[in-house]
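Me: I've got a model loaded and would like to talk it through, one question at a time. Can you take a look with me?

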Amino acid sequence: MDNNMSRMTRQNQASNSNNLQPKKPKKRHKKWRWIIGFLVILLIIGGIITTMLLSNIKKSVDTMHRSANITKARDVNQVLKDGKPFSILILGTDTGALARDRTGLTDSMMLITVNPKKKTTTMMSIPRDIMVSIVGREDTFPQKLNAAFPIAGVGATISTLQNYLNVPIDFYALVNMGGLEKVIDQVGGVKVTSPLTFTYQPENDKSDVYKFYKNQEKYEYASDGKNFKTYTTMNGYAALSFSRMRYDDPEGDYGRQKRQRLVLKALLKKSASAKTLLNAKFMKSISKNAETDLTYNNMTKIALSYMAATKNQKSDHLQGVSDMYNGVSYQMVTASEKQRATNLLRKSLNLTAKTTGTQFGSSVPALSYGIAEYNLNVIGETLDAQ
């Protein structure tokens with residue numbers, strides 16, 4: 001019995017000893033440590049690369065940042081922070097390489113609103129020839145709206161159009177239309193259905209010829225003007241040729257605006273993702289051909305929170321009436337048409353309805369009352385009290 005007790009005691013001691021004594025790690029645990037260590041290193045390297053890429057993107061954005069030098073109608077940073085709809089005025093110029101000063105007329109003008117809740121983007125083309133009184137340079141009346149930029153800068157352009165329609169303009173982007181060629185190439189080209197059939201030869205020293213066909217994405221191109229090949233995806237050069245033609249369009253400048261909207265819509269669909277907008281190469285291409293008062297933080301917020309709204313796009317334009325004064329062609333817009341545009345834009349921004357803006361975007365100098373009355377007579381209106 002004593003022997004049995006002794007044997008049981010030794011077994012219990014061995015068992016307790018096993019419970020207290022840590023087991024020797026097996027070799028595969030070391031292997032997992034190496035794997036985990038390697039993954040940590042990869043994450044660190046990935047973080048460094050991401051930081052470098054974001055740094056390059058920020059540099060590109062900073063390069064093209066230019067303040068409008070005006071007090072905005074509302075706190076634009078708060079608008080984005082609250083996730084509310086915002087507006088941006090797109091100004092296109094064909095002056096070659098984008099100059100960092102006031103050069104060139106803004107021959108393409110489009111007011112865009114982006115509504116994240118309704119997930120819609122509304123594009124309103126604005127006639128460049130609208131007769132206006134430029135904010136801050138009323139002494140030059142009458143002027144075309146596209147002359148506001150070279151005369152008084154982008155801030156005056158924003159203020160004049162904002163007063164004209166009574167719609168807040170939160171941001172602007174000035175784009176070298178020729179530079180869009182590279183941006184379109186960066187996204188791999190765009191597909192556009194042509195609203196009409198026409199042949200176009202770009203204004204250059206080459207013999208390039210394009211043929212576009214109504215209701216078709218298909219188009220033909222011949223670098224020698226004779227041997228045509230068929231394509232369905234437009235590269236940057238083809239897209240610009242498609243959007244620039246004016247004189248053979250039965251709708252004239254309004255037809256060109258329509259084709260510009262089609263190209264921009266196609267470009268938005270191809271580039272409307274955080275992956276594209278936060279791509280260093282893509283942003284570098286844009287930075288060489290644009291300037292804007294959007295900051296890096298603004299763009300990051302838009303890329304992450306607003307891009308879904310660009311998938312559903314609505315197009316419209318402000319319709320004017322031709323008016324010839326002193327040998328210069330202008331466009332006059334009736335109060336009812338302005339009110340229609342104002343209603344549409346304010347609704348797209350989730351703003352309450354208001355009466356459209358002033359007749360000319362700013363006050364008319366007393367010495368020019370007669371000129372204003374003469375041109376307003378074309379649309380059956382008289383000058384409002386100044």
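Me: Is Arg 137 buried, exposed or partly exposed, and at what relative accessibility?
Reply: First, the ground rules: this is a predicted model, where local features need pLDDT of at least 70 and side-chain atom pairs count only at pLDDT 80 or more, while totals for chains, interfaces and linings use all residues. Residues are numbered from 1 along each chain as its sequence is written, and side-chain values use heavy atoms, with hydrogens and water left out. Buried means under 20% relative accessible area, exposed over 50%, and partly exposed in between (1.4 Å probe, protein chains only). So Arg 137 counts as partly exposed, at 30%.

Me: Which residue does Arg 137 meet in a salt bridge?
Reply: A salt bridge here takes a side-chain nitrogen of Lys or Arg within 4 Å of a carboxyl oxygen of Asp or Glu. For Arg 137 the N to O distance is 3.1 Å. The partner counts as exposed because its relative accessibility is 57%, and that partner is Asp 139.

Me: How far apart are the closest N and O atoms of Asp 129 and Lys 144?
Reply: Asp 129 is in the loop between strand 3 (120-125) and strand 4 (131-132), and Lys 144 is in strand 5 (residues 143-144), 15 residues apart. Strands are DSSP runs of E with at least two residues, helices are H or I runs with at least four, and both are numbered from the N terminus. Asp 129 counts as buried because it has 11% relative accessibility, whereas Lys 144, at 21%, counts as partly exposed. The closest N and O atoms of this salt bridge are 3.5 Å apart.

Me: Which residues are linked with Asp 129 in a network of salt bridges?
Reply: Asp 129 also forms a salt bridge with Arg 128, with the closest N and O atoms 3.9 Å apart. Both Asp 129 and Arg 128 are buried. A search of the whole structure finds 11 salt bridges. Linked with Asp 129 in the network are Arg 128, Lys 144, Asp 253 and Arg 256.

Me: Which residues touch the most other members of the largest nonpolar core?
Reply: A nonpolar core is a set of buried Ala, Val, Leu, Ile, Met, Phe, Trp, Tyr and Cys residues joined through side-chain atoms within 4.5 Å. In soluble globular proteins, nonpolar side chains tend to be buried together. The largest core has 49 residues, and the ones touching the most other members are Phe 86 and Met 234.

Me: What is the angle between the planes of Phe 86 and Phe 171?
Reply: Rings of Phe, Tyr and Trp (its six-membered ring) pair if their centres lie within 6.5 Å, with planes under 30 degrees apart counted as stacked, over 60 as edge-to-face and the rest as tilted. The whole structure has 13 aromatic pairs. Phe 86 and Phe 171 form one that is edge-to-face, 6.0 Å centre to centre, with a plane angle of 80°.

Me: Where in the chain do Phe 86 and Phe 171 sit?
Reply: Both are buried, and the pair links distant parts of the chain, 85 residues apart. Phe 86 is in strand 1 (residues 86-93), and Phe 171 is in strand 6 (residues 171-176).

Me: Which residue has its backbone oxygen 2.9 Å from a polar atom of the Ser 241 side chain?
Reply: Ser 241 is in helix 7 (residues 236-244) and counts as buried because its relative accessibility is 3%. The backbone oxygen in question belongs to Tyr 237.

Definitions and conventions. A polar contact is a pair of N or O atoms within 3.5 Å; within protein, one must be able to donate a hydrogen and the other to accept it, and residues adjacent in sequence count only if both atoms are side-chain atoms.
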